[in-house]
Amino acid sequence: MNTDVIKKRKSVRTYKEEAIAEDIMDQVRSYLNQDKGLFDVPIDFILLDAEKNHVSSPVILGAHTYVAGKYKKQNNAELSFGYAFEKFILYATSLGLGTVWLAATIDRKSFEQAIDLKADEVMPVVTPLGYAAEKRSVREKLMRKGMKSDSRLPFESLFYKDTFDTPLRDEDENIWHFPLEMVRWAPSATNKQPWRVVVEKDQVHFYEKKTKGYEKDSYGDIQKVDVGIALSHFEIAAKEKGLKGSFVQSDPGIKTAEDTEYMATYVLEV
Ligand SMILES: Cc1cc2nc3c(=O)[nH]c(=O)nc-3n(C[C@H](O)[C@H](O)[C@H](O)COP(=O)(O)O)c2cc1C
């Protein structure tokens with residue numbers, strides 16, 4: 001996995017009617033069987049056929065295949081889910097397939113029935129899989145405009161140095177600059193970009209800035225899933241830059257706003 005796919009990935013809601021080539025489907029199947037989550041929380045993926053399994057989304061045109069993901073309710077499940085599902089999304093992108101994270105705009109009951117979701121499990125999202133159509137539907141164009149999907153918040157509103165009092169500027173020399181830029185371009189629910197990051201010399205702390213009303217029983221704390229996505233982008237980019245490290249959870253006690261919660265730290269191996 002490399003950062004070219006991070007830069008290339010965009011949500012796809014309008015698909016060609018064309019079936020996915022069988023050798024590509026084989027690669028998808030074998031990836032899904034070996035995919036691993038984060039912090040020892042396993043994530044399950046289920047391939048669905050839109051017609052046979054009677055699943056659909058009102059914002060998707062032309063897709064015949066979906067992938068649903070689920071976890072058992074437990075500590076860190078959302079982070080692990082975001083991390084693992086985004087790695088799959090990037091893998092699918094590398095195979096030339098279009099995807100889009102869908103939490104809200106799906107026929108949720110049908111999907112949950114199709115994957116036989118149990119009471120102690122959560123299915124935060126599904127994605128269609130297929131080849132992107134040449135042109136986006138009118139509805140998709142309007143959605144992208146409404147959510148400003150082609151832009152992201154500026155570097156200095158998301159990332160900080162040592163404390164939340166010192167914004168990290170885009171032009172500042174910093175070994176973390178590239179991995180953070182790759183975090184900046186991550187997808188998030190309604191493009192809210194809830195990740196906040198405080199960098200230190202050899203540690204990078206990730207936080208969730210919560211938007212009121214975003215947590216639902218049906219799909220859990222979706223903004224924690226967004227932070228899991230950010231962790232995967234960060235790790236892929238750090239690795240590409242030759243940085244070696246791993247994620248731990250050890251709250252550094254940095255003063256945060258009330259709506260901001262500590263999630264995880266990337267520790268550089270020295
Ligand atoms: C956790 C999550 C949930 C999302 N849920 C939906 C959804 O229900 N419907 C939808 O059309 N897009 C959904 N999206 C896609 C976002 O709107 C999209 O990623 C964002 O606008 C940025 O656009 P981009 O992915 O093209 O960069 C979701 C994205 C994430 C990460």
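These entries record what I looked up about the ligand and its surroundings in a predicted model.

I numbered residues from 1 along each chain as its sequence is written. Local features need pLDDT of at least 70 and side-chain atom pairs pLDDT 80 or more, while totals for chains, interfaces and linings use all residues, and side-chain values use heavy atoms, without hydrogens and water.

Entry 1, the shell. I found 22 residues around the ligand, the closest being Ser11, Arg13, Ala104, Thr105 and Ser149; a residue is near if one of its heavy atoms lies within 4 Å. By class, I noted 11 nonpolar, five polar and six charged residues in the shell, where Asp, Glu, Lys and Arg count as charged, Gly is among the polar ones, and Ala, Val, Leu, Ile, Met, Phe, Trp, Tyr, Cys and Pro are nonpolar.

I saw that domain 1 (3–138) and domain 2 (155–268) each give at least three residues to the shell; the bounds come from an automatic or database assignment.
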